[in-house]
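I opened this model to look up a helix, a core and a surface patch. My notes follow.

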Amino acid sequence: MQESGPTSPAAKQPNAARPGRNPDPVVRWLTLAIAGVVILWLVGILSAMMFGLLSPANAPRTSAERDLRVLAAETQSGKATTQTYAQYVSTLISAGELNKAQQALDEALATAKTDRSFLYAQQADLALARKDYQGTVTAANTAMAEAEKELKAFMANNVKNNRAPTAGATVPTSFADAALAKAQALYASKDYKGAIAAFDVYLKQSPTDSDILVERAQIKLLVGDKAGAAADYRAALKYIPDYQPALDGLKQIGAAK
């Protein structure tokens, strides 16, 4: 019987570990656990970055804050238009920063040579936010007068450049904005007839504003004009069919749709 050759080390140790591998299950488990923790940490960091949770402490938290910063930077650049200043003031008022809004208005009015009606319209809104109703009316009247002057200047410039006076001529939107602020101030002051007249001016420029049609209807009821209120409710429904406040108003006064 032929003898077999020398037994190799691998044959003697069939379970020997390969070089570079640690067979200890505890070590393997710890390695996997650490890797899992690292992966979870990385996922958390990426999620936080995606949702803005790791933004700098002074980063804007809302779109309104972002708009404020952008507009503030524009006004500080020295290149902002009058209407950009007006937009900045409007955003400040919406954010409740009324003192800053007044400061920005004062700065703009000190240098603005065109589109001043937009600044006065914002002055009216600012006074309204402060519940200074007389101040609102005064600023609104100034804004409306300035808007009319701006329209006339535009038409005169058309003539100067051999164009039709009315070519591209429209009343600045500041006129309607000021009229609306005036109407709301007069309403708050319980001057209902004055408020209706101011709403008339606004709606002449923005006739499809169903919210304001309903608001004017409600004021008309306060002065006993039931027919006028019904007409306003129906007009609101013309622009927004099945508009619930208008339907409720008609039901309240017993008028048909």
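I call a residue buried under 20% relative accessible area, exposed over 50%, and partly exposed in between (1.4 Å probe, protein chains only). Leu-222 has 48% relative accessibility, so I log Leu-222 as partly exposed.

The model is predicted, so I kept to its limits: local features need pLDDT of at least 70, side-chain atom pairs count only at pLDDT 80 or more, and totals for chains, interfaces and linings use all residues. Numbering runs from 1 along each chain as its sequence is written, and side-chain values use heavy atoms, without hydrogens and water.

**Helix α7.** Helices are DSSP runs (H or I, at least four residues), numbered from the N terminus. I checked the length of α7, residues 133-160. The expected span is 1.5 Å times one less than the number of residues. I then listed its buried residues, among them Val-137, Ala-140, Met-144 and Leu-151. The buried residues of α7 pack against α6 (116-129), α8 (173-188) and α9 (192-205). Just after α7, Asn-162 takes a positive phi of about 60°.

**Core.** A nonpolar core is a set of buried Ala, Val, Leu, Ile, Met, Phe, Trp, Tyr and Cys residues joined through side-chain atoms within 4.5 Å. The largest one has 57 residues; Tyr-88, Leu-119, Tyr-202, Tyr-233 and Ala-246 touch the most other members. Helix α8 gives the most to this core, with 9 residues.

**Back to Leu-222.** I found Leu-222 in helix α10, residues 210-222. Tyr-187, Leu-222 and Val-223 form a nonpolar patch on the surface.

Note on methods:
Helix = DSSP H or I, 4+ residues; strand = E, 2+ residues; numbered from the N terminus. Contact = heavy atoms within 4.5 Å. Patch = residues over 30% accessible without salt bridge, like charges linked within 9 Å, V, L, I, M, F, W, Y side chains within 5 Å. Areas by Shrake-Rupley, 256 points an atom, 1.4 Å probe, with all protein chains shown as cover. Salt bridge = Lys/Arg side-chain N within 4 Å of Asp/Glu carboxyl O.
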